[in-house]
Amino acid sequence: MLKIADKTFSSRLFTGTGKFNDKATMVAALQASGSELVTMALKRVDLQNKDDDILQPLIANEMHLLPNTSGARTAKDAVFAAKLAREALETHWVKLEIHPDPRYLLPDPIETLLAAEQLVKEGFVVLPYVHADPVLCKRLESVGVAAVMPLGSPIGSNQGLKTKVFLEIIIEQSNIPVIIDAGLGAPSHAATAMEMGADAVLVNTAIAVAPDPVVMSRAFALAVQAGRMAFETGLAGQQQQALASSPLTAFLEDVG
Amino acid sequence: MSFYDYLQYVNWNECQLSIRSKTKADVEYALSRQRLTLNDFQALISPAAEPYLEQMAQRSMQLTRQRFGNTLQMYIPLYLSNLCSNICTYCGFSIHNKIRRTTLTMAQLDAEIAAVKKMGFDHVLLVAGESEHRVGMDYFRKIIKQVKSQFAHLSMEVQPLDQHEYEELIDLGLDAVLVYQETYNPVTYAAHHLRGKKQDFRYRLETTDRLGKAGVHKIGIGALIGLDDWRTDSYHVAVHLDYLQRTYWRTKYSISFPRLRPCAGKFQPKSIMTDRQLVQLICAYRLFNPDVELSLSTRESAYFRNNVLPLGITSLSAGSSTQPGGYTEDRKVALEQFEISDDRTPEQMEEIIKLRGLEVVWKDWDRSLNIPLEKGF
C-alpha cells in the first residue's frame with residue numbers, strides 16, 4: 001500500500017478536476033477511476049461556499065482533496081494560497097504548483113523550493129509539482145516534502161514520458177514517494193511509469209478530454225494496476241548472449 | 001534514522017539463506033537488467049553466479065570504461081602511527097601484539113611526505129591505529145594542514161570521530177574518510193573486538209551518517225573479508241551503499257574488499273575467499289552500481305592485480321608500506337599492520353597499467369575544491 005505522510009492509499013491513480021465538460025461526467029469519471037486523491041485548483045473553487053459545484057460532489061463522495069496552488073507565480077503567492085485552502089477546506093495537504101510561464105506552465109524550481117521549505121515548517125503536507133530534475137527532488141526531500149511530483153512532459157500535452165531517463169534517476173534516488181504528474185496521455189504511459197517503479201501517477205487532461213471520460217478513467221485505473229503488478233513481480237529481462245571463450249577470467253584457471 | 005536503525009530491518013540469517021538459495025534463473029535475470037536491485041546483487045554474489053563469471057567480467061569492464069574512461073587513479077597510504085588501544089583479533093596493530101610502537105613527529109612526517117611525493121603521488125591516504133589521546137584531534141589538526149599543502153587529495157583512515165570533529169577537519173582540507181565496518185554481523189563483530197572504543201558497533205556503523213551530515217566529499221566503506229560469511233557481509237556493504245547514496249546524495253562513495261591475510265597476530269580467517277570469488281564480487285559491485293569507486297590495495301598479489309585491474313577497479317595503491325615511517329626508514333622493522341603482497345614500485349605499476357591500455361591518473365582533485373558543503377542537507 002502506498003503511504004504518503006500519515007495516509008495510505010489502495011489506488012495509485014491520482015486524478016484532477018479540471019477540463020471536464022460537466023460536473024456529472026467529472027464525478028462519474030472520478031468514481032470510475034477508483035482514485036482516492038483528487039486535486040483541484042484553488043482558483044477554480046468558491047472557498048466561501050461549500051455548495052460550490054466542484055467541491056460539493058467531491059465532498060459528497062468522500063474523496064481526499066488535494067488543493068493545488070495553480071495560478072501562483074511566486075513562492076509568496078503559493079504560500080498564501082495554501083493557507084487559504086487549509087482554512088477553507090480543512091486540509092493541510094497541498095499540491096504546490098508555481099508556474100510563472102503561462103504557455104507551457106513549467107514549474108519554477110527556485111520559487112518551489114522556497115515555498116516548500118516554508119510550507120513544511122508551517123505543518124503542511126507538501127507535494128510539489130516539479131520538472132524531472134533529480135537534484136531538485138533531493139533538495140525538496142531534504143526540506144521535508146511528503147512526496148515529489150515530477151513531470152513526464154509538459155502539462156496537458158499528452159506526450160507521455162519524455163523525461164524518462166531523469167524519472168528513472170529520481171525513482172532510484174528518492175526516499176519519499178514519486179508521483180509522475182503531467183503529460184501522461186494514454187493508459188500505456190501510466191503503465192510504463194508504474195513499471196519503472198513510480199509510486200503513483202496523476203492523470204487529469206487525458207481523462208477529462210477523452211471522448212468518454214468514464215471509460216478512459218477505468219482504462220487508466222487498469223493500466224496503473226497492471227504496471228504496478230509488473231513492477232512488483234519484476235519484468236522479464238532481455239536475454240544476453242553466452243560467451244564461448246573467457247578472455248577476461250581465464251587467468252583464474254592458470255593458478256593452482 | 002541512521003544506518004544503524006535501518007539495519008534493524010535487515011536480518012543476517014535471512015540474507016544468508018536468500019543468497020544461498022539463488023538459482024541460475026535468478027542470475028540470468030539479474031544479468032538481463034539495466035538497473036539492478038539489491039535482490040539482483042544477491043544473485044550475482046551467490047554460488048549460482050559462478051558459471052557466469054566471464055559474462056559478469058565483460059559487462060563490468062564495459063560499464064567501468066563507460067563511466068570512468070580508460071583510466072586508473074593512483075593513491076598511497078601514509079601510516080602516521082601504530083599506537084592502538086583496541087584489541088582486534090585480526091589486526092597487527094592490536095594492543096596485545098609486541099611490536100615497536102611509534103607515531104610520526106612533524107619532522108618524520110615531512111620526510112615521509114617528501115618520499116611519497118617523489119614517487120609521484122598526489123592523492124594520499126593517512127592511516128593510524130586508534131589512540132585518541134596521543135593520535136587524536138590535536139594531532140590531526142597539526143598535521144592535516146601540513147599534508148594538504150603538499151597533496152591534491154587527502155583521505156583518512158583513523159578512528160571514527162564526531163560530526164563536529166569531521167566538520168573541523170574538512171575545513172582544514174580533509175576530502176575523504178574510509179571507515180570499514182569489518183563485519184556487519186554484530187555477534188561476530190563482538191567476538192573480534194575485545195577491547196577499546198572499537199567495541200562499540202553502533203558508533204562505528206553510524207560514522208558514515210556523521211560524515212554524510214558533515215558534508216564530506218567522499219566516504220569509503222567495506223567489510224573485512226573473512227571475519228564472517230563473505231557473501232552476506234558483502235551484501236550488507238551493498239545495502240549500506242544504497243542507503244548512503246539515497247541519504248547523503250552529494251557524497252561520492254568507494255568500496256574496498258580487503259581479504260584477511262597473515263599478520264602479526266597469526267589470525268586465521270573463518271571463511272576463505274578464493275581469487276575467483278573476489279573477481280565475482282568486484283564485478284557484482286560494478287554491475288549493481290556503475291558509479292561507485294572500487295579500490296584494490298597491495299594486499300593482493302602482483303599476478304592477481306595485473307589481471308583484475310581492467311575489470312572494474314578504479315583506484316590502486318602501489319609501492320605501499322603499512323608501517324609508520326615506512327617510506328624513509330628501514331622497511332624490515334616489524335611494525336606493520338598487514339603484509340604487502342605486491343611490492344612493485346609505482347613506476348613498475350604504471351608500466352603494467354599502460355600495457356593494459358589504461359592511463360594512470362595521479363591527480364584528479366584540487367586543493368581549491370575543498371569548500372565544505374552547506375550544512376544541514
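In the predicted model, A:G183 is in contact, neighbours within four places in sequence left aside, with A:L151, A:G152, A:S153, A:P154, A:I155, A:S157, A:N158, A:Q159, A:G160 and A:K162. A:G183 sits in the loop that links strand 9 to helix 7 of chain A. The residue is classed as buried because 23 other C-beta atoms lie within 10 Å, and the cut-off for a buried residue is 20 or more.

A:A182 is placed in the loop between strand 9 (179–181) and helix 7 (187–195) of chain A. With neighbours within four places in sequence excluded, the contacts of A:A182 are A:L151, A:G152, A:S153, A:P154 and A:I155.

An unreviewed UniProt entry assigns the feature "binding site" to A:G156, A:A182, A:G183, A:N204 and A:T205. Although these positions span 50 residues in sequence, no two of their C-alpha atoms are more than 9.2 Å apart, so the annotated residues gather at one spot.

Confidence values were considered for the complex and for chain B. The predictor assigns the complex an ipTM of 0.74 and a pTM of 0.82. For chain B, the mean pLDDT is 90, and 94% of the residues reach 70 or more.

Note on methods
Residues numbered from 1 in each chain as written. Chains lettered and ligands numbered in written order. Predicted model: local features only at pLDDT ≥ 70, side-chain atom pairs only at ≥ 80, totals over all residues. pLDDT = per-residue confidence, 0-100. UniProt positions renumbered as here; feature names shortened; annotations may be inferred. Helix = DSSP H or I, 4+ residues; strand = E, 2+ residues; numbered from the N terminus. Contact = placed C-beta atoms within 7 Å. Buried ≥ 20, exposed ≤ 12 C-beta atoms within 10 Å, placed from the backbone.
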